Amino acid sequence: MQHSHKAGALKQVNKSHKQSKASKRSIKLKSGGRVEAGEKMSMKMNIQNRKDRANNSKQMRDNKRKTLMEKKKAGAGSAFPSIVALIPMGENVDTRALLKQILDMSSDCPVRYSPLGADGIAQPVTVVFPKSKSRMTFVCCTQNLENVLDVCKVADCCVFVCNTADGEEAVMNAQTDLVLTCLRTQGLPTSIGFIGGMASGMAPKMKTAMKKYATRLMQTELGADVKIFDDEHVEPMLRCISDMALQVIHWRQMRPYLLAEEIDILPCDASAPTRDLIVRGYLHGSALSTYDFVHLTGEGSHPIRGIRVVPDPSPLKRAHDATERLVEADPARLRPVEEECAVDPSTVEAPHWAQPVVEDGTGVMNTEAVWREVVGDELYEDEEDRRAHEQLMALDAEANLSDSDADMDFDAEDYEDFNRQRKLANPKVQSDEQRVEEEAEYFDAPDEVEVPLDQPARYRFIKYRGLQSFRSSPWDPKENLPVEYASLVEVENYGALQKHVAEEADERNTVGEEWTHELEDGTIVRDGLATIGSFIEVHVMGVSAAWVAQHAAAQPVLLSGLLPYEEKLTVMHSTFQRSSSWSPAPLKSRDLLVAHLGFRRVLIHPLFGDSGIRCDKLKYMKYVPPTGFVTCSFYAPLCFRPCPLLAFKPRQNNAETLTLVGLGAVTKASADDVVLKKIVLTGTPFKVRRKIATVRHMFVDPKDVLWFKPVELHTKLGCVGHIREPLGTHGYMKCIFNEQVVMNDEVRLALYKRVYPHKCTEEEKQAFF
């Protein structure tokens, strides 16, 4: 018989847990994995039958067609001609021969030559192809890098032409490699290869070998899927250009732009410094308003008086009868281009080091006021330090420094600022060999400096301060700003401003010929617009007469519209990579460079910083390393992303070739980014007793020791310490560290100051432009 235990009357019964709601885990255990019928998901909900799938595809197709029709409607009912750039890949290539071959094949097609260049050299020639229902504007380029870059800023397709008649070495030269390097950063349009010279008297085997070599070379440089044609297939090349999908370059699609096909100079006084121009061409990119500022590449930004939409001179259908439309601007709303804000000099405070000489009633210099302003009273450790410092200040007053000592400069960077004009006037002040030697020394010991023997360190480094941590220590971005910062536009939120400008540009492209919007003062206005694809005449005001006489008929003229606030001057920041293969010479901060920012060219004195430290500050770099990316800060008009940056050395005349210095892209606009220059004062241990060491060779004056007493010390081997007191009269000092210092160690004191980029002078702008 099997025994079974039964609980008695005295069995303990525990109270149940007082829970108002069961947990998910308990419900899951209780249900045993079962799910109620109301919560079951039907698999048929996500399955579409054949009719539903076809209906869904039809709706998507109709939406795309509707969007395309809206774009065509905004573009005055017709697409603009595709701009085709013919780029030579060698010195022996004549792109005019290819253009002549195209025109001979299109003898039955309407051809319109630009009055600026009837032979088609570096000027547009428009051809209408009725069979393929397409229009193309051909522009012949030269081997000049600036000419190719300007044409490719507006080109929709690039045809790279090579010549195989002179052998493999003549197929592509180093200049073409430089052109492709720049175009990849600026934005390379849709590319096609063309092999010329195949019709010459060349042996069949040699012709086949040369064609294979040129094809392999173009596939390496332009991509493996590039289309390549030869002399015998010109017509298929034109058909390929008309049918292929064009590459979208986003930085120019945000802005209205055109390639000038006709330019008229309005009559005025011959002695006037400026001229008014009438520029004609097809509008690309975005819609243009009469209240927008326009920029002539290589000249500057200007307001426009009005826009006239004229009938298309090269229409696809002759029956298309378009009427003229004049978009005039209200004179009361016209405003001049003002890069800098108006500043009242009486409201601008100079930095405290701008008046470093503090004199009492007797005209004797002392540093007490400077000490209290820069260092502060709270940095005295005890009353004994205060009394010692006051005694040193009394000795300083008794020294009665001469006026020449009082007026001396306080920083080597400021000394460079003082002699900047002299160096620009005589660029051979520092030879290339000296710069190479200085660059090597900088990379070996980038921050170490020596205290001069003829100048106290407290005056020499009065702009510098100590930081306990470069990454986490605060630095007020509004403190002690230079005077020219008062005239800059302040961008509080660059990302939000760019989003607002982009949404406004998209709205203008979809509203048609009139745009209703609200001004900053709350007024509702309705502005007329020139839509995409229209052939327009733009009345540009205030163009330099010297530029008109020199460039208006010599080079392709590019006219582009500016987005809101893009005419304002601010501090721009970008990534930067030095092109050491094209310019092996050292690149120094604040060197004069020519920057290509989209459609604009500006003169800059950039400031380079190390962006590898993840914090709100950048470390100043005197020389740019040959490899790697750095951050570049410079004064320039506001630019919105995406915007490529190409930096070149300035030329003495237009006959010189451009020397590529570096490449990059704009990241943001902010005058609050702090770039700190670091210097390190070094000393050697003289005597060591446990954690206390006597250090020498860092200072030569005991008053300098007291001045820099609040700054933290560190050693090469990782010890951290502070200055206790000066010893003697030759700059010796007693220091205490967290660990025992060895005799072969090196004691360091790190100091920092904020540095700023330089503004270009009017003399530099006039010399370049």
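Q: What makes strand 9 and strand 10 a pair, and which way do they run?
A: Happy to start there. In this predicted model, 4 bridges join strand 9 (residues 262-265) to strand 10, and the two run antiparallel.

Q: Why is strand 10 called largely enclosed?
A: Of the 9 residues of strand 10 (residues 274-282), 7 are buried, so the rest of the structure largely encloses this strand.

Q: Why is Glu537 called buried?
A: Glu537, found in strand 21, has a relative accessible area of 18%. Buried means under 20%, so Glu537 qualifies.

Q: What makes the link between Glu537 and Arg280 a polar contact?
A: Their side chains are joined at 2.8 Å, and the cut-off for such a pair of N or O atoms is within 3.5 Å. Leaving aside neighbours within four places in sequence, the residues in contact with Glu537 include Arg280 along with Ile278 and Val279. Gly306, Ile307, Arg308 and Val310 are also in contact with Glu537.

Q: How do you know that the buried residues of helix 7 lie on the same side?
A: In helix 7 (residues 234-243), the buried residues include Val234, Met237, Leu238, Cys240 and Ile241. They cover an arc of only 160° around the axis, which puts them on the same side of helix 7.

Q: What makes strand 11 and strand 19 edge strands?
A: The open sheet has 3 strands in the order 11-20-19, with antiparallel pairing. Strand 11 (288-289) and strand 19 (514-518) each pair on one side only, and that makes them the edges.

Q: How do you know that strand 19 pairs with strand 20?
A: They share 5 bridges in the antiparallel sense, where at least two are required. Strand 20 covers residues 524-530, and His517 stands opposite Val525 in this strand.

Q: Which helix lies across this sheet, and at what angle to strand 19 does it run?
A: That is helix 16 (residues 494-511), which lies across strand 11, strand 19 and strand 20 and runs at about 145° to strand 19.

Terms used:
Residues are numbered from 1 along each chain as its sequence is written. This is a predicted model: local features need pLDDT of at least 70, side-chain atom pairs count only at pLDDT 80 or more; totals for chains, interfaces and linings use all residues. Side-chain values use heavy atoms; hydrogens and water are left out. Buried means under 20% relative accessible area, exposed over 50%, partly exposed in between (1.4 Å probe, protein chains only). The arc is that of the directions from the helix axis to the C-beta atoms. Contact means heavy atoms within 4.5 Å. Axes are lines fitted to C-alpha atoms, for helices over the stretch in contact, and angles run from 0 to 180 degrees between N-to-C directions. A polar contact is a pair of N or O atoms within 3.5 Å; within protein, one must be able to donate a hydrogen and the other to accept it, and residues adjacent in sequence count only if both atoms are side-chain atoms.
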